[in-house]
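Dear colleague, here are a few notes to read with the model open beside you.

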Amino acid sequence: MVLNSLSGFFNTIILLGIVQGLIVSGLLFFSKKSRYANRILGTLVLLITLASFNLYGSHSNWFNSPIMNFLSQVIPLVMPMAFGPLIFFYTQSMLDPSFRINRKDRRHIYPVLVDLVPSLTVLIYGFGLLTGIAKNNPGPWGAFIDDYNVYADIPRWLSISFYVWLSSKYLTAYKLKQQTVLNGQAVNFKWLIQLVRLFTIFQSIWLLYLVPYIIPRYSNWVVDTFDWYPLYIPMTILIYWLGVKGYVISQSDSKKQATSQNALPIDLIEKVVQMLKIKIEEEKLYLNPALTLATMAEATGFSQKIISAVLNQYIRKSFNEYVNEYRVYAFKEKIMLPESNQLTIAGIASECGFGSQPTFQRVFKEITGQSPSAFRKTALQTV
């Protein structure tokens with residue numbers, strides 16, 4: 001092997017990355033100052049660390065005993081399909097304190113099943129042995145897992161690349177929406193741009209490795225010549241950079257908010273955001289045309305000043321913008337229903353909380369870029 005003489009050095013680097021990854025992911029999870037975003041980042045760092053641990057354990061013969069070998073194959077230590085969604089969730093949560101992974105977002109996690117197939121195969125084979133359904137011949141099963149892992153790297157690479165692109169697109173849209181004035185989010189925005197760029201570089205390196213690796217005649221040559229170091233050394237750099245930089249950013253952000261006279265405590269922000277979502281999404285207060293900041297303050301138990309500060313400084317919307325977005329979304333859903341064909345646009349808008357037709361027309365076009373009648377026409381054509 002070309003890298004044989006350097007394998008000890010590379011393994012030491014990977015081991016140090018594993019230790020550092022475990023420590024930093026723990027800090028991100030359990031720090032009193034940590035936010036929702038930090039837990040997402042901690043999960044990402046931990047998964048990259050476990051993948052590195054899998055490689056290091058294999059090189060160090062930690063999995064040679066029957067029990068450890070079985071556990072290493074049953075427990076999915078390598079789960080790259082989760083990397084992309086976590087990058088995307090983290091990007092959103094850093095810039096939007098109200099972001100939470102809801103039921104709709106969980107569909108992004110389903111492709112992780114791609115990473116679970118090898119472990120499920122081992123479990124099925126083990127169950128087959130115990131019940132007498134399968135013969136004691138692990139060869140074909142092992143060959144299937146080896147071949148599967150080679151070609152599973154294709155959707156893994158595509159998944160991470162897609163979510164890195166999606167995160168970049170989200171950052172571009174965010175900057176345009178803020179009209180390039182990022183205010184208190186400038187540091188976080190810069191950090192996220194760096195994160196996207198670093199993962200783009202990592203994906204480029206992986207692609208150079210992946211192309212010859214998935215070609216059957218070159219697969220063994222690639223592994224025998226380079227092993228997995230061209231991927232796992234950059235992954236170790238990712239562990240160090242993501243963990244340390246992400247943790248420092250979160251702590252400095254907390255200190256900045258704590259010392260700023262105009263800033264609100266992060267715990268209070270999260271409580272206000274959650275209460276607003278309950279009142280708006282679950283209790284649907286936006287359907288009340290007479291809803292005002294004063295009535296929202298009375299319903300939530302928070303003062304008008306605090307609600308306004310959270311909406312303006314952290315969600316970057318006025319109270320009317322925040323409420324009207326829900327009303328427009330409700331209108332778009334309702335107008336798609338068959339029973340709405342007999343209703344006028346004004347009638348549907350009224351049912352969705354708009355008390356003024358001119359206001360509805362203006363707000364709808366500002367948010368969607370088209371008039372309500374044009375939207376209805378397009379919607380009916382697609383049904």
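1. How many helices and how many strands are there in the protein chain? The chain has 16 helices and 0 strands. Please keep in mind that this is a predicted model.

2. For an overall picture, the C-alpha trace spans about 75 × 55 × 40 Å along its principal axes. The chain has 383 residues, and 44% of them count as buried. Its accessible surface comes to about 20500 Å², with 63% of that belonging to carbon and sulfur atoms. If we take contacts between residues at least 6 apart in sequence, 72% join residues at least 24 apart.

3. Do have a look at the largest nonpolar core, which holds 54 residues. The members that touch the most other members are Leu44, Tyr90, Trp191, Phe199 and Leu242. Two or more residues each come from helix H1 (7-30), helix H2 (36-59), helix H4 (83-95), helix H6 (139-177), helix H7 (186-213) and helix H9 (229-259). H7 supplies the largest share, 11 residues. As general background, nonpolar side chains tend to be buried together in soluble globular proteins.

4. Beyond its neighbours within four places in sequence, Phe199 is in contact with Leu44, Ile48, Ile87, Val164, Leu238 and Leu242. There is also a second, separate core of 36 residues, and Ala309, Val310, Tyr314 and Ala379 are among them.

5. Ile67, Met68, Phe70, Leu71, Ile75, Leu120, Leu123 and Ile124 make a nonpolar surface patch of about 730 Å². Helix H3 (66-74) and helix H5 (113-131) each give two or more residues to the patch, and H3 gives the most, with 4 residues. Is Leu123 buried or partly exposed? Leu123, which sits in helix H5, has a relative accessibility of 42%, so this leucine counts as partly exposed.

How values were computed
Residues numbered from 1 in each chain as written. Predicted model: local features only at pLDDT ≥ 70, side-chain atom pairs only at ≥ 80, totals over all residues. Heavy atoms only, no water. Core = buried A, V, L, I, M, F, W, Y, C linked by side-chain atoms within 4.5 Å. Buried < 20%, exposed > 50% of the residue type's maximum accessible area, 1.4 Å probe, protein only. Contact = heavy atoms within 4.5 Å. Patch = residues over 30% accessible without salt bridge, like charges linked within 9 Å, V, L, I, M, F, W, Y side chains within 5 Å. Areas by Shrake-Rupley, 256 points an atom, 1.4 Å probe, with all protein chains shown as cover. Salt bridge = Lys/Arg side-chain N within 4 Å of Asp/Glu carboxyl O.
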